[in-house]
Amino acid sequence: MSPSDASAPIPPVKLPAYKLTSRLTHPQDSVIPLGGYSIGGPEFIVMAGPCSVEADPQMLGTAWDVKVAGAHIIRGGAFKPRSSPYSFQGLAEEGLKMLAKARELTGLSIVTEVMDSSEVELVEAYADILQVGARNAQNFSLLKRLGQVNKPVLLKRGLMNTVEEFLCSAEYILAGGNPQVILCERGIRTFETSTRNTLDLSSILAIKERSHLPVIVDPSHASGKANYVAPLSKAALAVGADGLMIEVHCDPAKALCDGEESMTPDQFKDLMENLRDLAPYFGRQISTAASVTARTADGL
Ligand code: PEP
Ligand code: MN
């Protein structure tokens, strides 16, 4: 190298539109601690529960079953983004109260969707993780509002969003001051009709390359078929996702929403056992043991 080369200015690195979300500004993986676990570390995190909170026995029974099977976090929607205004819209605050009871019963954290900026304060008062659904992935005023929240946000990929757009949506939350964002690949809309959406497993690789944020997979909404969920969950583990979000219902045939894609508690228990065995082959672990074998709570 000549002396003139050594003194040449280093060209500035061109940052993408999602600066804070990019690995260029934060090379290490982000790890989000929650309820004794870390999302984005070696533990493969599983969030499970019904699509919608429907009633105390349904929510508490399912929460208990998924805890016994080894789930780390309980899910359940109290505000439901339904395609038709005539479909069940969720129990709103009553549902949030049932989720809080499920947390008390199981000791696990809860994740639930917030659909509108005006409801952030209410949902934040109950939830441990606030979920942004696929249909709101580019609701920029909601994303900005969630930048002011001091709790993790689970951001789902929009049905029509590229990985670049998805990361830009995350950027709104980070730029607003909240670095605790978990991304979720839940399938995108393509010409294919044999599944509800097309699960884009390659997006996990593209996201991991470009961003430091943890990313999980939702094979339930991606496929729309309960019997596809186990194989797709194993594929998500193999491709390097940090965890899963899975719909489980105590009686899928009677579910008020998404029964066809919901696993039974027994199917979910089998899947967790399989994942626990497989995780070490992919540098992961699932430390939650199905050590709780009896229902101790009254009124289930
Ligand atoms: C959900 O997880 O309850 C949900 C509505 O999913 P999505 O936003 O991915 O459709
Ligand atoms: Mn659902």
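Start by selecting Ser233 and whatever surrounds it: leaving out residues up to four places away in sequence, serine 233 touches Pro219, Leu244, Ile246, Leu271 and Leu275, where contact means heavy atoms within 4.5 Å. Serine 233 sits in helix H9 (residues 226-239); helices (H or I, at least four residues) and strands (E, at least two) are DSSP runs, numbered from the N terminus. With a relative accessible area of 0%, serine 233 is buried. Here buried means under 20% relative accessible area, exposed over 50%, and partly exposed in between (1.4 Å probe, protein chains only). Now draw a distance from serine 233 to methionine 272: the two are 39 residues apart in sequence, and their C-alpha atoms are 9.8 Å apart in space.

A quick word on the ground rules. This is a predicted model, where local features need pLDDT of at least 70 and side-chain atom pairs count only at pLDDT 80 or more, while totals for chains, interfaces and linings use all residues. Residues are numbered from 1 along each chain as its sequence is written, chains are lettered from A and ligands numbered from 1 in the order in which they are written, and side-chain values use heavy atoms, with hydrogens and water left out.

Next, switch to cartoon view and color the strands. You'll find a closed barrel of eight strands, S3-S4-S5-S6-S7-S8-S9-S10, with parallel pairing; two strands pair if DSSP finds at least two bridges between them. From one strand to the next, the twist averages 25 degrees (angles run from 0 to 180 degrees between N-to-C directions, and axes are lines fitted to C-alpha atoms, for helices over the stretch in contact).

Zoom in on S3. Is this strand enclosed or open? Five of its five residues are buried, so S3 is largely enclosed by the rest of the structure. Ile45, Met47 and Gly49 cover one side, and Val46 and Ala48 the other. Look at the neighbors too: S3 pairs with S10 in the parallel sense over five bridges, and isoleucine 45 has glycine 243 as its bridge partner there. Two bridges join S3 to strand S4 (residues 73-75), also running parallel, with alanine 48 partnered by isoleucine 74.

Now select the manganese ion (ligand 2). Which residues hold it? Cys51 (SG), His221 (NE2), Glu247 (OE) and Asp258 (OD) coordinate the ion at 2.0 to 2.4 Å. Donors are N, O and S atoms within 2.8 Å of the metal (3.2 Å for Na, K and Ca), and since water is not among the atoms, sites may look incomplete. Cysteine 51 lies in the loop between strand S3 (45-49) and helix H2 (56-69), and glutamate 247 in strand S10 (residues 243-247), so the pair ties together parts 196 residues apart in sequence. Cysteine 51 is buried at 2% relative accessibility, and glutamate 247 is buried at 0%.

Last stop: show H2 beside helix H3 (residues 93-106). Their axes come within 9 Å and cross at roughly 35 degrees. Residues in the contact include Met59, Leu60 and Trp64 from H2, and Met98, Leu99 and Leu105 from H3. Finish on leucine 105, which is partly exposed, with a relative accessible area of 23%.
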